Amino acid sequence: MQGWCRSWGIGLSSLFDLEKWPWRGHILPTFPDIYDGIVNFWYNRLQSAGYDKFSIYSYTSYLNTALNSGNIRSRTDWWPVMDQERGQFPANQRCWQYADEGKVRGVSGDVDLNACSNKDAVSGKTVGLPVSDKMTDIIEGDYFVGSALPVRHLDIAGGNHQDGLPVETWSPTNGLNQLYHIKPVGGGAYAIVSTISGKAFDVGGASMTSGNTVIQYTPYSGISQRWLFYNAKDGYIFIVSVLGNERSAVLDVTKGSTALGTKLEIWEYNVGPNQSFRLMQTTGIPSGKRPLTNSHAHGNSLDIRAVSMTPEAVLQTWQPNNRNNQRFVFRDRGNGRYNIGVAHSGMYIDIQYG
């Protein structure tokens, strides 16, 4: 692929065609987590070779099943759909293949017909975040900040105290250089300050140009160090600079790369996992076995059905009975993350298929 790109020029875009095509001697992947690994490897190899114009081509039914991953959807710019489902997968640059038996004068045989455009091209505006999703109730405290991209956390390289050092992503280390103090600064905005350097997240040069690097800098009252938080799906959040009028300066992992040391930037809101983050507070959970109850479940406890010892046993709510199938142990994995073990079986609570 790299040789092909060089032969035709870096300016050309490349698309990874992911379709349900079996091939002899290989088992076709069926789960998104497998395809995530394939896609990330492809992206990282091309990025490391200096190419940045590439995306994914696939069709709706496959994107709804084996490719149903936020990581893959955010990178899908071109898909063939011959029905009314064509608007399901957002992308800043999109192409829609609306026919595969088209005719073009001077070309023999059938050709694919496509329509391509910018998102929201009529108004020329970027779609903003809903005001109703704005968060103003974040508790002041110390947090690890994890990316929705696989196993990446926000990091200050080496715990350096230098002004102007870019914020980057790294694998979780449970170190203070990945721990941040989040505090309200008025108007629904927050400051994000490294606990090891004492420096605040800052939009370099106070410029809201997409691609501008996010750095650490000595705290002051400037607008470039004020951030808004918005709810995203699956417990994630969007972090938005006040500079960007709440829509066009979103904290973003550059190019969605999972490479260690990838810099953080601001970019227009695009719903992708490269703009989704999770706050994980450092509040410790006491050791020992404990029940988990929920007021919305009328005080019932989480329960392993029928005291099952079998993998994939069903987790349900049930009346409290103080048995070990209703008692759980939290095991600290660092960076604000925990495994939840079941006392009677020693197994972990698991989200099926990830």
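Colleague: In which sense do strands β14 and β15 pair, and over how many bridges?
Modeller: Antiparallel, over five bridges. Strand β14 covers residues 227–231, and β15 covers residues 237–241. Strands here are DSSP runs of E with at least two residues, helices are runs of H or I with at least four, and both are numbered from the N terminus. Two strands pair if DSSP finds at least two bridges between them.

Colleague: Before I go on, what sort of model is this?
Modeller: It is a predicted model, in which local features need pLDDT of at least 70 and side-chain atom pairs count only at pLDDT 80 or more, while totals for chains, interfaces and linings use all residues. Residues are numbered from 1 along each chain as its sequence is written, and side-chain values use heavy atoms, with hydrogens and water left out.

Colleague: Is β15 buried or exposed?
Modeller: Five of the five residues in β15 are buried, so the strand is largely enclosed by the rest of the structure. Buried means under 20% relative accessible area, exposed means over 50%, and partly exposed is in between, with a 1.4 Å probe and protein chains only. I237, I239 and S241 point one way, F238 and V240 the other, and all of them are buried.

Colleague: And how many residues of β14 are buried?
Modeller: Four of five, so to speak mostly covered. Strand β6 (residues 134–135) also runs antiparallel to β14, joined to it by two bridges. There, K134 stands opposite Y230.

Colleague: Different topic. How many salt bridges does a search of the whole structure find?
Modeller: Two. A salt bridge means a side-chain nitrogen of Lys or Arg within 4 Å of a carboxyl oxygen of Asp or Glu. D110 and K103 form one, at 2.6 Å from N to O. K103 is exposed at 62% relative accessibility, whereas D110 is partly exposed at 45%.

Colleague: What about K199 and D163?
Modeller: Their side chains meet in a salt bridge at 3.0 Å, N to O. K199 is in the loop between β11 (189–194) and β12 (200–203), and D163 is in the loop between β8 (153–155) and β9 (168–170), so the pair ties together parts that are 36 residues apart in sequence. K199 is buried at 13% relative accessible area, and D163 is partly exposed at 31%.

Colleague: Where is H344, and what does it touch?
Modeller: H344 is in the segment after β22 (337–342). H344 is buried, with 17% relative accessible area. Leaving aside neighbours within four places in sequence, its contacts are I304, V307, S308, M309, N324 and N325. Contact means heavy atoms within 4.5 Å.

Colleague: Last one: which residues form the nonpolar patch on the surface?
Modeller: F31, I34 and I38, with about 230 Å² of accessible area together. Patch members have over 30% relative accessible area and no salt bridge; nonpolar side chains (Val, Leu, Ile, Met, Phe, Trp, Tyr) are joined within 5 Å, like charges within 9 Å. Areas come from the Shrake-Rupley method with a 1.4 Å probe, and for residues only the protein chains shown count as cover. I38 is in helix α2 (residues 32–48) and is partly exposed at 34%.
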